[in-house]
Amino acid sequence: MSRVYERIGTAIMEGDPEKTAKLAERGLKQGLSAKDILDNGMVVGMGEVGVRFKAGDMFVPEVLMSADAMQAGLGVLRPELLASGVQLIGKVLMGTVKGDLHDIGKNLVNMMCEGAGFDIVDIGFNADPEKFVEAIKEHQPDVVGMSAMLTTTMRAMAYTIKAIEEAGLRDRVKIMVGGAPVDAAFAERIGADGYGSNATAGVDLAQEFVSAA
Amino acid sequence: MTSSTPEGKERAPTPVVIIACQVLQDMLTHLLPQDLAKDVVFMDYGLHRVPGKMTGALQEAVDAIEEPSLVVLGYGLCGNGLRGIRAGQHTLLVPRTDDCIALLLGSYQAYMREFQAVPGTYYLSKGWLESGSHPLKEYEEYVPKYGSKEAMWLMDQQYQHYERLVLVAHNQADLETYRPQAEKVARFCERWGFRYEEILGSDAYIRRLVGLVLNLAAGTATIMDTVNGDFLIVPPGGKIHQEQFMR
């Protein structure tokens, strides 16, 4: 394995966008594929960020900087990924639920899903159930992701799932939920298909959903 | 209301131990009878920063009570800080609210009204201004660590979608006292278009909590009086669950 992968992973963990972009360019020049740089470097680094955040060894500012670094790296790799004709593996529609305007986690999952080869439809923050329903009709995603940061807003996930059911769309999509107050028991109770405890887990879930389909 | 089971076995659990967040100190000290007020254990606000830490500290405090008691937790669910707390040999009594904002506003309904009107509200209270955090304080902590440009970028990421900064207090005196500090935070938050408002809440919720505690202790109320209401009772051997706060 190229040393570049490891160094990119470290640059992501350090939250250094310039370094990440430079290393991504160097990797491409060395003949590494964009997909490998992404999978073996950036995604690995971001995965480690998730683990450290969960353990309380990293905090929101560091995670934001790591996300920024990953964004910079993706900026370098994106044209290559598109040119290499990597097949999209599915479509993910993401939003934070009604009343919730904390979109840091959602943006992270989006980025990680893009890295994994998903087409992303981002309906933003504070999205009410109708907005989810309309967006599902319009974009026909394979997976719908919902996020909430507060116990006051997480219950809107249940209303959103209900609205999707009532619109007759529930069996067309897999639903994953996440965010600080959410856990697997809650996900099950409200009828979601899965729960991701961090961005990497969210992507794993989305991949599982489309590979099982 | 007084009620008992057909067997007449139901008895109020006594004695009473109150463990509460410092944010409720004024209200509780003022509303509780002297003999209860002097023994209230007030916990540091700092426990909020890491919810897992709050659970551990409260569990320790509950476990340290030797005699089977009615243990009142002066908290809400507090970002899942209370989730998983085990009653052990005690009976737990907790306001059924997400956090202290409902307790400062005076009711769960008042909180929901505010929440639905402007979800993007950042609440300031006496407690948070004294020992908690707020955007200005956070920024001041970020600057030496990350430099001012990076610090502001980090702040933007976290607060750009909020719309309103609210100073909430249960009495007019606190509003007056904390206004200058709150206005300073408000000026800083203008960069994201926050508007500043003050809301005068009430001590009604805490007053009802105190009334319930006294009635339970005196045996003039039973735990059945709390079912599906504004308070949560966890019997001995039970555990606090997140869904018990959902309503």
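In chain A, helix α3 passes α4(A) in a left-handed crossing. The model in which this arrangement is found is a predicted one. Helix α3 of chain A comprises residues 34–54, and helix α4 of chain A comprises residues 60–83. The two helices pack at an angle of about 165°, and their axes are 11 Å apart. Because angles over 145 degrees count as roughly antiparallel, α3(A) is classed as roughly antiparallel to α4(A).

The contact between these helices involves a series of residues on each side. Divided by class, the contact of α3(A) with α4(A) has 11 nonpolar, 2 polar and 2 charged residues.

At the level of domains, chain A is divided into domain 1, spanning residues 3–83, and domain 2, spanning residues 90–212. A distance of 24 Å separates the C-alpha centres of domain 1 of chain A and domain 2 of chain A. To the contact between them, domain 1 of chain A contributes 12 residues and domain 2 of chain A contributes 11 residues. On the side of domain 1 of chain A that touches domain 2 of chain A, the elements giving two or more residues are α3 and α4 of chain A. Of these, α3(A) provides the largest share of that side, with 7 residues. The composition of this side of domain 1 of chain A is 8 nonpolar, 3 polar and 1 charged residues.

The contact between the two chains takes 16 residues from chain A and 19 residues from chain B. On the side of chain B that touches chain A, two or more residues are given by α7 (135–146) and by α8 (148–159) of chain B. Helix α8(B) gives the most to this side, with 3 residues. By class, the residues of the side of chain B that touches chain A comprise 10 nonpolar, 7 polar and 2 charged.

Within chain B, Arg208(B) is placed in helix α10, which covers residues 204–218. In sequence, Arg208(B) and Gln34(B) are 174 residues apart, while in space their C-alpha atoms are 17 Å apart.

Methods: Residues numbered from 1 in each chain as written. Chains lettered and ligands numbered in written order. Predicted model: local features only at pLDDT ≥ 70, side-chain atom pairs only at ≥ 80, totals over all residues. Contact = placed C-beta atoms within 7 Å. Helix = DSSP H or I, 4+ residues; strand = E, 2+ residues; numbered from the N terminus. Nonpolar A, V, L, I, M, F, W, Y, C, P; charged D, E, K, R; others polar. Axes fitted to C-alpha atoms, helices over the stretch in contact; angles between N-to-C directions. Parallel < 35°, antiparallel > 145°, perpendicular 65-115°, else oblique. Left-handed = near helix turned anticlockwise from the far one by under 90°. Domains from an automatic or database assignment.
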